[in-house]
Amino acid sequence: MLFVCHFSATFSRPPVRFEKEVKVIHKIERAVQKSGRLGNENDTRLNESAGLMNDFPVVCVGGSAGGLDAYIRLLQNLPADLGVAIVIVNHITMMPTMLHEVLPSYTAMPVELITESLLIKPNCVFIIPSNRDLHLTDGQFHLRPISKPRGWPDVITVFLRSLTQHWQRQLIAVIVSGYDGDGADALCGIKEVGGITIAQKLDTAIQPDMPESAMASGCIDFVLSPENIAQKIVQIARAEVL
């Protein structure tokens, strides 16, 4: 009996060393829990920040032969502080583009030739490089080898489809002067996600094939001259802010 009492007394209280180890373990557990909460809070802040960074309309302007005239007339009538990103997707692939050198003379917005992982931002004009497909994910441009190296390219269609999948804000698709029908196959998808589609008025286009194909898709909201396209973009962008 005495032995049993002695046994119980011996283990009724943990050794001092064991108490210290338990305190250390509890301290570590509290630190891990705090770290987890901070990590979740930081992730939330980052996600909210990314959402704010991408909270603006994207305007894709697709063109080809005769497109330069339309791009100039469009940009000349757009305010530099409208709060939209303009992405010009020119589907000529035979030679390097010079648009990023020519167009700054016609707009106060910065004009940038797109490079891999470049961040999209408002109040800027972005130019696709030649012979590349263009995608947009997580607010960054991504360039890929052209998926249709022979025949008429479909770089406008590829980019518009990327926008419908990865851009959550307002989309505006504009098809201007050019040969063939690049872009037409993606226009209904733009409308399905709530976007707006515009084709250049045929008698204002140097080469009407592309806007005509866009209209034939049955998914065009407006048919306008380049100057009136600019006015429509302004109306849409300002309504988006209100």
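Ala 173 is buried, with a relative accessible area of 0%; buried means under 20%, exposed over 50% and partly exposed in between, using a 1.4 Å probe and protein chains only. This is a predicted model, where local features need pLDDT of at least 70, side-chain atom pairs count only at pLDDT 80 or more, and totals for chains, interfaces and linings use all residues. Residues are numbered from 1 along each chain as its sequence is written, and side-chain values use heavy atoms, with hydrogens and water left out.

**The whole chain**

- The protein chain has 8 helices and 9 strands, taken as DSSP runs numbered from the N terminus (helices: H or I, at least four residues; strands: E, at least two).
- Of its 242 residues, 41% are buried.
- Contact means heavy atoms within 4.5 Å; among contacts between residues at least 6 apart in sequence, 70% join residues at least 24 apart.
- The accessible surface of the chain is about 13400 Å², and 56% of that belongs to carbon and sulfur atoms (Shrake-Rupley method, 1.4 Å probe; for residues, only the protein chains shown count as cover).

- Not counting residues up to four places away in sequence, Ala 173 touches Cys 60, Leu 160, Leu 187, Ile 190, Ile 196, Thr 197 and Ile 198.
- Leaving aside neighbours within four places in sequence, the contacts of Ser 177 include Gly 63, Ser 64, Gln 200 and Met 210.

**The largest pocket**

- The largest pocket has a volume of about 240 Å³, the space filled by probe spheres set on grid points joined across faces, edges and corners.
- Among its 17 lining residues, the closest to the centre are Asn 90, Ile 92, Thr 97, Met 98 and Leu 99.
- A pocket is an open set of points on a 1 Å grid over the protein atoms alone, where a 1.4 Å probe fits, with protein on both sides within 12 Å along at least five of seven lines; lining residues have an atom within 4 Å of a point.
- Helix α3 gives the largest share of the lining, 3 residues.

**A nonpolar patch**

- Leu 68, Met 98, Val 102 and Tyr 106 make a nonpolar surface patch of about 310 Å².
- Patch residues have over 30% relative accessible area and no salt bridge, with like charges joined within 9 Å and nonpolar side chains (Val, Leu, Ile, Met, Phe, Trp, Tyr) within 5 Å; a salt bridge is a side-chain nitrogen of Lys or Arg within 4 Å of a carboxyl oxygen of Asp or Glu.
- Tyr 106, in the loop between α4 (99-102) and β3 (111-113), counts as partly exposed because its relative accessibility is 31%.
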